[in-house]
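Dear colleague,

I am handing over the structure shown here, as a starting point for your own reading.

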Amino acid sequence: MAESQVPYPNRSNQIAAIRASLSEPRFATYLRKGGGNEAYAIALYLYNARVAKAFMFPLGVVEITLRNAIDALLVSQYGATWHLHAGFRNTVLMKEGLATLDKAIKRAGLAPVRSQVVAELTFDFWSNLFRPNYGALWRTGLNIVFPNLPKTTTRHDVQQMVRSINEFRNRVAHHEPILDLNVTEVHANIVGLVTMRCAETAAWLRHHSTLNTIIRTRPRGSTAGFVSLASRLAPDYIPVTEETTLENVATQFDRTHQVAICRDGQGALLAAFGPLDLIRFLADNTKTNDGMTAPRELTVREMLETNVAPAWIALPANGPFSDAVVQLTGNTINIVVGIDSADMVVGVITRALRRY
């Protein structure tokens, strides 16, 4: 899944629609884990999806490595067409294994080559080959398939590893919750199994795996699914009145103070503007006064009187941050002012600061 830089609003109507799409029984698992908080449950669902995505690469590597290794063993014992060899089919394979093999041959099409059949066989097929019924296959084959096998590791140990990986793979493939599973242990088993076959491939897998990064993103607490506007506001702004001179405003603009906020005599919010707004006004004023302008004589009121289309908007600071993003990524709004329930300014975000 793609990672969005814009937090989702998680409004009640949106969550209701998502719950209906996912189904109540499936969503209930995350809702219980989230203590009944819907937004938290949504955040846990997304985290579960991120973890599952992070396993796609390790699971792919271990499955392909394992099946190719076993294929090589079977070729050495039964030839390049082991999937058709009567001795393997009738003597080695159990009934369910033979049925699985024949299904793979059928899916591979008319006169399929061995590589096509191998690609069609499920992880269950390869996993089941480590069961006690196939002990004869591994008396000499275990160290061939796994040249780096520790001396104390047995076929039974390998079977446990492969089976646990296969069960986990099936949960991921069926989009089941893996929140309560020890995913770091599963990952260690995957790396360990690949290491027994090829240490270099295991090192490559470990280097490029993103699981450790993803598990650090697990949401915590009931507010995990909600990002408020207040959490992204910059508290630094310049308070001005209509009588403040533009020279005074200009001298206060700096790297951290990029927005001036004007209130009237009763404290009502009138406008918000930035350095570019001020420059544009002074440039226009210069044109209308034969190249002359006097910032120390001009006031904020005169500037605001020429502002036909305000490029700012006030939004509740306790509302979703995504509302501000929608405004700032549009074509007209350059400044968002966050206000509290008493209409007091909490902070600001500008398009230029890229705080979203």
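This is a predicted model: local features need pLDDT of at least 70, side-chain atom pairs count only at pLDDT 80 or more; totals for chains, interfaces and linings use all residues.

Salt bridges

Side chains of opposite charge can pair when their charged atoms come close. Taking a cut-off of 4 Å between a side-chain nitrogen of Lys or Arg and a carboxyl oxygen of Asp or Glu, the count comes to 14 salt bridges. Three of these pairs are described here.

The pair of E24 and R19 has its closest N and O atoms 2.7 Å apart. R19 is buried, because its relative accessibility of 16% falls under the 20% limit. E24, by contrast, is partly exposed, with a relative accessible area of 39%.

A second salt bridge joins E120 to R107, and here the closest N and O atoms are 3.2 Å apart.

In the third, the side chains of R301 and E242 meet at 3.7 Å, N to O. This pair, too, links distant parts of the chain, being 59 residues apart: R301 is in helix α17 (residues 300–305), while E242 is in the loop between β1 (238–241) and α15 (246–252). R301 is partly exposed, at 30% relative accessible area, and E242 is partly exposed as well, at 23%.

Salt bridges with shared partners also join R19, E24 and E38 into one network.

Helix packing

Two packed helices are described by the angle between their axes and the distance between the axes. Two helix pairs are set out in these terms.

Helix α2 (residues 24–33) packs against helix α3 (residues 38–54) at an angle of about 110 degrees, and their axes are 8 Å apart. Because angles of 65 to 115 degrees count as roughly perpendicular, α2 and α3 are roughly perpendicular to each other. The crossing of α2 past α3 is right-handed. On the α2 side the contact is made by R26, F27, Y30, L31 and K33, and on the α3 side by E38, Y40, A41, I42, L44, Y45 and N48. The residues of this contact divide into eight nonpolar, one polar and three charged.

Helix α4 (residues 56–78) and helix α11 (residues 155–173) cross at roughly 135 degrees, and their axes come within 11 Å. These two helices are therefore oblique to each other. The crossing of α4 past α11 is left-handed. From α4, the residues M56, L59, V62, E63 and L66 meet V162, I165, F168, R169 and V172 of α11. This contact holds eight nonpolar residues, no polar ones and two charged ones.

Two buried helix residues

T65 is also found in helix α4. T65 is buried, with a relative accessible area of 18%. Not counting residues up to four places away in sequence, T65 touches R197 and T201.

H187 is located in helix α12 (residues 183–197). H187 is likewise buried, at a relative accessible area of 12%. Leaving aside neighbours within four places in sequence, H187 is in contact with F55, P58, L205, S209 and L211.

Backbone angles

Most residues other than glycine have a negative phi.

The phi of N10 is near 55 degrees. N10 lies in the segment before α1 (12–22), and at 13% relative accessibility N10 counts as buried.

The phi of D343 is near 65 degrees. D343 is placed in the loop between β5 (335–339) and β6 (345–350), and at 46% relative accessibility D343 counts as partly exposed.

With kind regards

Terms used
Residues are numbered from 1 along each chain as its sequence is written. Side-chain values use heavy atoms; hydrogens and water are left out. Buried means under 20% relative accessible area, exposed over 50%, partly exposed in between (1.4 Å probe, protein chains only). Helices (H or I, at least four residues) and strands (E, at least two) are DSSP runs, numbered from the N terminus. Contact means heavy atoms within 4.5 Å. Axes are lines fitted to C-alpha atoms, for helices over the stretch in contact, and angles run from 0 to 180 degrees between N-to-C directions. Angles under 35 degrees count as roughly parallel, over 145 as roughly antiparallel, 65 to 115 as roughly perpendicular and the rest as oblique. A crossing is left-handed if the near helix is turned anticlockwise from the far one by less than a right angle, and right-handed if clockwise. Ala, Val, Leu, Ile, Met, Phe, Trp, Tyr, Cys and Pro count as nonpolar, Asp, Glu, Lys and Arg as charged, and the others, Gly among them, as polar.
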